[in-house]
Amino acid sequence: MGSKNKLKRFRENETFSNVFQPTREELVDSEFKLKGQWRKDVFKNNNPLVLELGCGKGEYSVALAQKYPDKNFVGIDIKGARFWRGAKTAIEENIPNVAFLRTQIELIDHAFAEGEVDEIWITFPDPQIKYKRTKHRMTNAEFLERYKKVLKPDGVVNLKTDSEFMHGYTLGLLHGAGHEVLYANHNVYKQEGSPEEVTSIQTFYESQYLEQNKPITYIRFKIK
Ligand SMILES: C[S@@+](CC[C@H](N)C(=O)[O-])C[C@H]1O[C@@H](n2cnc3c(N)ncnc32)[C@H](O)[C@@H]1O
C-alpha cells in the first residue's frame, strides 16, 4: 500500500468511533481509561468480551460480531492501516459489537483488567521460527501469562494457523506445562470435527495459504 493511502486510512481511523489508539504512555504510565470499562463505556452492555490478537484486517472480529450479536469483539493490531478495513466495514454495515485497538499485544494487560476477557482468538500469527525471535512468538510462555491475566478463570484461547511449526510448538508447550487442550485439528478443512466458526471464516492471510493448498490448523485451549 502506498504511503498516501496509509495516511488517508490513519486520518480516517481517528474519526471512527470504533477505533481506539492509545499512546504507550497512556497505557503504561497511567491507568488506561477503558481498562476494566470496555463493556460499560464502549459497548454499553454486559455481554462477553472476545479479543482477536494480530487481527490484520479484522475478518474474524467482524464476522464473529455478525454471527454473535450478544458478544463484544475487539480486534487488536499494531498496524492501523490494516484494521481500518474491519473498522470501516463495521461502520458501513452498522455492526455495533466490534471495535479495534491499536497497540502491541505485549501491552494487553495494560489495556484490559484482570478477568475482563472471556475469550481470545489468535489468527495466523507470524510463527517467528528463528531462535532469536522466540520472544515474539505469540503463544510462548510469557504471552500465555499475559493472556491468563486478562482472561476470566475459565477463559478460552483459540489459535488458527497455517504454520505446522506454530501448531506443533504450541501443542508441545501446552502439554508440557499442563494447560488444558480442549480441541486440536491439524487440517481443519479435511479432517472432520472442527467447530463451524473455524471453517466458515477465512482471513486475508488464510485465503492466500489456502490457494497454496496449505493445511490450516486449529487449537482451542485453557491456560491453567
Ligand atoms: C501474519 S499477519 C495475520 C493477520 C490476520 N490475522 C490474518 O490472518 O489475515 C500477523 C498480524 O499480527 C500483527 N502483529 C504481529 N505482532 C504483533 C504485536 N506484537 N502486537 C500487535 N500486533 C502484532 C501484525 O501487524 C499483522 O497484522
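Analyst: Trp38 is buried, and so is Phe112, where buried means under 20% relative accessible area, exposed over 50% and partly exposed in between, with a 1.4 Å probe and protein chains only. Phe20 is buried as well. This is a predicted model, in which local features need pLDDT of at least 70 and side-chain atom pairs count only at pLDDT 80 or more, while totals for chains, interfaces and linings use all residues. Residues are numbered from 1 along each chain as its sequence is written, and side-chain values use heavy atoms, with hydrogens and water left out.

A search of the whole structure finds 12 aromatic pairs; rings of Phe, Tyr and Trp (its six-membered ring) pair if their centres lie within 6.5 Å, and planes under 30 degrees apart count as stacked, over 60 as edge-to-face and the rest as tilted. The rings of Phe20 and Trp38 have centres 5.5 Å apart and planes at 80°, so this pair is edge-to-face. It links distant parts of the chain, since Phe20 lies in strand S1 (residues 19–20) and Trp38 in helix H3 (residues 38–43), 18 residues apart; helices (H or I, at least four residues) and strands (E, at least two) are DSSP runs, numbered from the N terminus. The rings of Trp38 and Phe112, by contrast, have centres 5.0 Å apart and planes at 20°, so that pair is stacked. Here Trp38 in helix H3 is joined to Phe112, in the loop between helix H6 (108–111) and strand S5 (117–123), 74 residues apart. Taken together, ring pairs link Phe20, Phe32, Trp38 and Phe112 into a cluster.
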